[in-house]
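Hi,

Here is the structure I said I would pass on. Have a look at it first, and my notes on what turned up follow below.

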Amino acid sequence: MTLTPGKRTKQRFNNWSGSVNTNPDAFYYPATIAEVQHIIRTLPAGQRVRAVGGGHSFTPVAAGAGAMISLDKLAGIINVDREKKRVRFLAGTRLYRVPEYLQPFGLALANQGDIDNQSVAGAISTSTHGTGIEWTGFAGTVTGLTLVDATGELRTYSIDDDPDLLHLIAVSVGALGIIVEVEMQCVDAFDLLARETSDNLDDVLDSWDERTRAVDHFEAFWFPHTDKAMIKNNTRLAPGDPAPGGEPKKRGRLTQFIEDDLVGNGAFAAALTVARIAPKTTAFLNGIATDAMAANTYRSRAHEVFATPRRVRFHETEFAVPLADGPETVREIRREIDRRGWLIPFPLELRSTAADDVALSTANGRESMYIAFHVPRAMNPHDYFPHIEPIFIAAGGRPHWGKMHTRGREFFAQAYPRFDEFCTLRETIDPTRTFGSPHLTQLFG
């Protein structure tokens, strides 16, 4: 008798920010791909199933009322092609584990975002990205993947066999099946020379295109109610190569803990508490935060610079707008904040990426500026995000698939040239909506 692998019947799901929670009929923890296939093949008639990785999406993209499958036990490296620098991962591999897996091979992910709690499958499926005008998001580095379809069969896609089809399914928001393997194009391991300073916000916006092309990875954080932005300039260096201008300090574990956890998280959490009790202090505290986070130069392995701990929980909406329209979009958001008299104690994060040809990638066909608007978890995002969203839409923005938004199929059919083609493929692969959910009905009809 075959036992149903890792089944729990009283397992509640909460996402990272606490904005999504559900009580699925069953929660599965398969340890092998064969177990995933078995789960799909033995689902009760009519039951839907959703897969979850790190649970870091702010939308209900992973949530299901029927069954949910955790990918946490499907972790690790399957294969490394040293010549092509392609690495095949089990889909549940968390991004924070990837550096240790790649280190023996002298490889690294080509780029990363500032949070690394997501699974590999979740990161590509929601078009998650980092920053750097020469670098795509995670989905743009996918060279192959394998998923379990609604019949429990494996479907394998490769950039070598059919790149057009792979690009159509790489960002799928879990609508086509359970991704169990992801092959990614990696690069030689590298360091980052990080230079963190502050500058006038209008100067940063006026020269955004120039700044974003001047270094490998550029981003800015603007705290509302201030005229300054904290900026990060990260330059790629081969391990052992000298840093231009001389070697900066090395960050030991104690220094990293003080800067990231005590200053970056502890002091910020304390400031948010003060702002919640006394909202009129928000502008003053934001100015202090900008200065505290700036004026720092160091060198470390790439992943140690890209990703930083996020102890303070928040809600987030993020849109990708055409690069040239990004600065004015930020200015319009600033005007909206002032018009409404809001007091926003969290920074806007501003980043840029290269264009790619992944069908449902938020940077499909255009260099993009990503604008992320946050509020602390204690604040109701629905009081703010719906008023900001029209500004993004007017600029041609596309919402991050894992961040809060209200868009639906009619919008996406206009935003993505291959959207209807994706929906047609979905009809073929999952006609009975085994992998459906109310949220996916909103997205795809």
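This is a predicted model: local features need pLDDT of at least 70, side-chain atom pairs count only at pLDDT 80 or more; totals for chains, interfaces and linings use all residues.

Let me start with the open sheet: four strands make it up, in the order 1-4-6-5, and their pairing is mixed. Strand 1 (7-8) and strand 5 (49-52) sit at the edges with a single partner strand each, so one side of each has no neighbour in the sheet. For strand 5, the neighbour is strand 6 (residues 67-70); the two run parallel and are joined by four bridges.

Next, the salt bridges. There are 30 of them in the structure. One that I looked at joins the side chains of Asp-72 and Arg-94, with 3.1 Å from N to O. The pair ties together distant parts of the chain, 22 residues apart. Asp-72 is in the loop between strand 6 and strand 7 (77-81), while Arg-94 belongs to the loop between strand 8 (86-90) and helix 2 (98-102).

Domain 1 puts 26 residues into the contact and domain 2 puts in 33.

How much area is buried between domain 1 and domain 2? It comes to about 2500 Å², with 55% of that from carbon and sulfur atoms. On the domain 1 side, Asp-114, Thr-131 and Ile-133 lose the most area to domain 2, and together they account for 31% of what that side buries.

As for what holds hands across that boundary, the count of salt bridges between domain 1 and domain 2 is zero. Polar contacts do show up there: eleven residue pairs, with both residues at pLDDT 80 or more. The side of domain 1 that touches domain 2 is made up of eleven nonpolar, twelve polar and three charged residues.

Cheers

Methods:
Residues are numbered from 1 along each chain as its sequence is written. Side-chain values use heavy atoms; hydrogens and water are left out. Contact means heavy atoms within 4.5 Å. Buried area is the accessible area (1.4 Å probe) that two parts lose on being put together, summed over both. A salt bridge is a side-chain nitrogen of Lys or Arg within 4 Å of a carboxyl oxygen of Asp or Glu. A polar contact is a pair of N or O atoms within 3.5 Å; within protein, one must be able to donate a hydrogen and the other to accept it, and residues adjacent in sequence count only if both atoms are side-chain atoms. Ala, Val, Leu, Ile, Met, Phe, Trp, Tyr, Cys and Pro count as nonpolar, Asp, Glu, Lys and Arg as charged, and the others, Gly among them, as polar. Two strands pair if DSSP finds at least two bridges between them.
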